[in-house]
Amino acid sequence: QTRFTRTMTYAETLHFLYHSLPVFQHIGGNAYKPGFGNITELEKELGEPHRRFRSVHVAGTNGKGSVSHMTAAVLQAAGYRTGLFTSPHLKDFRERIRVNGEMISEEAVVAFVSSHREAIDRIRPSFFEITTAIAFDHFARERVDIAVIEVGMGGRLDSTNVIRPLVSVITNISWDHAQFLGDTLEKIAGEKAGIIKEMTPVVIGESQIESQLAFIARAKECSAPILFADQTYHIVNQADNGEMMPITGSPKTLATGKTLPQDSCGQVAATPRALQPFTIENLLDGETFTLCTDLLGDYQRKNILTALTVLDVLNGSGGLQIPREAVQKGMASAAASTGLLGRWQIVGHAPLTVCDTGHNEGGLREIAAQIARQQFHKLYMVLGFVADKDLSKVLPLLPKEAHYIFTRAGIERALDENILARRAAEYGLQGETAPTVTAAVARARELARAEDMIYIGGSTFVVAEFL
C-alpha cells in the first residue's frame, strides 16, 4: 500500500476511495460485499457511532431516496438536527452525507480517511462500507438528533442494517439487482424485509401482492407493528391535474388540521419555485388536506403517502413532536432544503428538458406514463444503461414514437451505446448513437425545436454526468 507521509488532499482522498476500494457503481458485483463483518469491525474502531443517534431506516426498489429526503426535510422543519445518508451521489461525493441539508466538509472526509487509514488497509472494506462508516461517525460527531439512513442495496445484508431505528421503511419492490437479491419478486421482498427489527414499527409504502405476505410474516416474527401507507392515506386527486405551480409566498402556520384550500401551495414556500400539489385523505379519520412538494414527478404521489405514514409513527411511538406546520413547510422544501437532484428535474424550457434517475422496471414505467401526459411536438430521448441491466424488462416500456440518442456514461459498467441501439431496435426504438452523454445531449439540443421535449435518463450515471 502507498503510505502518505503528509495529509492527503481532498482530491487524493477521493482517488483513494474510488481506486483502492471496490466501488459498485464502477465494477458492479465484484464490489458487493454482503454481510456485517467489515462494517462491524469498522464501527468498533470508531466506538460504534451508530449507537449515539436515533434513526429512520429506508429500503425499497424505487422511491427510497425521495422518501428519505421528504422525511429529513420535515424533521429539519420541526427543529431536529437531522442527518441524511443516501446513495449514489450525482455531482459530489459529499451529497451522500448531510446534516440539516449541509454536505459533509471536504476536510471532514480527508480527516476520517487519514485518521483511520491503518484500519481501512487492514479491514479492506468496500466503498459503500467505508462511506457508511464515514456517515455514522459524522452524525455522531455532529450530535444529530436523528438521522435518515437509506439502504444501499437490498436490506438484510446491507451494511446500514447494523442500526436500530425508530421506524423501518420499505417503499416498494420491483425488478432490480436480481442477481444479488433473488430471481423472483418474493425473494427480493424477503431481502428487503430483513431490515424489520424486533418490536420496531415498519411502514410499507405499497400494498403489493408479491410482497405483502413476506412483509407481514417478517413483522409477525419480529413482533413489529406494520403499517401500509396506501391503506393509511389516499390521494383523492392530484390537484390541478398534476400541473406544476410556480409559486411565491412565506411559510404559514397550518396546525389546525382543517381542510386546506387548493391554493395553499402559495402559502408554504419561502422562495419562488415549482410545487406539486396533492389532495390527500387520511383513511383512518376521513380528514382531507392539501400538501405540496417541490419534488416533481407524478410518482411522488406514492412517496408522499409513505413519508406521511413514517412521520405519523415518529410523532407517535417515536416520541418526536412534528407539528402540521413542519409537515407543510418540509414537504414544500423537500428538494431545496436537502439538496436532492435528478427526480423529474426540469432543467430547461423551449424545449422542455427533463432528467430523471429512474432506471429499473418500476421507475421507468412511471416515467413513461408521465412523458405520455406531457404536451410536445416531438420527443427526443437521451438514453443509457449499465451493462448488467435486464433490458427485456425496461425497453418495452419506453415510447416508440421518440427519436433516441443512445449513449453511455463514462464508467466501466456502462453498456456500449451501439449494443444498446441494436437491442432497442428489437423493441421498435429507433434513433442514433453518441459516444458520450455530453455529445448526446448536444445532439438532442441541435435537433429539438422549442415545442419539443428532451428526456435524459436510463441510468443514474447518465444523469450524474449530464448534471
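Tutor: We take a strand, then a pair of helices, then the cysteines. Keep in mind that this is a predicted model.

Student: Is strand E1 mostly covered or uncovered?

Tutor: E1, residues 54–59, is mostly covered, with five of its six residues buried.

Student: Which strand do five bridges join to E1, and how do the two run?

Tutor: That strand is E5, residues 146–150, and the two run parallel.

Student: What do four bridges join to E1?

Tutor: Strand E6, residues 167–170, which also runs parallel to E1. Here Val-56 stands opposite Val-167.

Student: Now the helices. At what angle do the axes of H3 and H7 cross?

Tutor: Helix H3 (residues 37–46) and helix H7 (residues 127–141) cross at roughly 35°, and their axes come within 10 Å. The crossing is right-handed.

Student: Which residues of H3 and H7 meet?

Tutor: From H3, Asn-38, Ile-39, Leu-42, Glu-43 and Leu-46; from H7, Glu-129, Ile-130, Thr-132, Ala-133, Phe-136 and Asp-137. By class, this contact of H3 with H7 has six nonpolar, two polar and three charged residues.

Student: How many disulfides does the structure hold?

Tutor: Zero disulfides.

Student: Why does Cys-222 count as buried?

Tutor: The cut-off for buried is under 20% relative accessible area. Cys-222 counts as buried because its relative accessibility is 2%. Cys-355 is at 0%, so Cys-355 counts as buried too.

Definitions and conventions:
Residues numbered from 1 in each chain as written. Predicted model: local features only at pLDDT ≥ 70, side-chain atom pairs only at ≥ 80, totals over all residues. Heavy atoms only, no water. Buried < 20%, exposed > 50% of the residue type's maximum accessible area, 1.4 Å probe, protein only. Pairing = 2+ DSSP bridges. Disulfide = S-S within 2.5 Å. Axes fitted to C-alpha atoms, helices over the stretch in contact; angles between N-to-C directions. Left-handed = near helix turned anticlockwise from the far one by under 90°. Contact = heavy atoms within 4.5 Å. Nonpolar A, V, L, I, M, F, W, Y, C, P; charged D, E, K, R; others polar.
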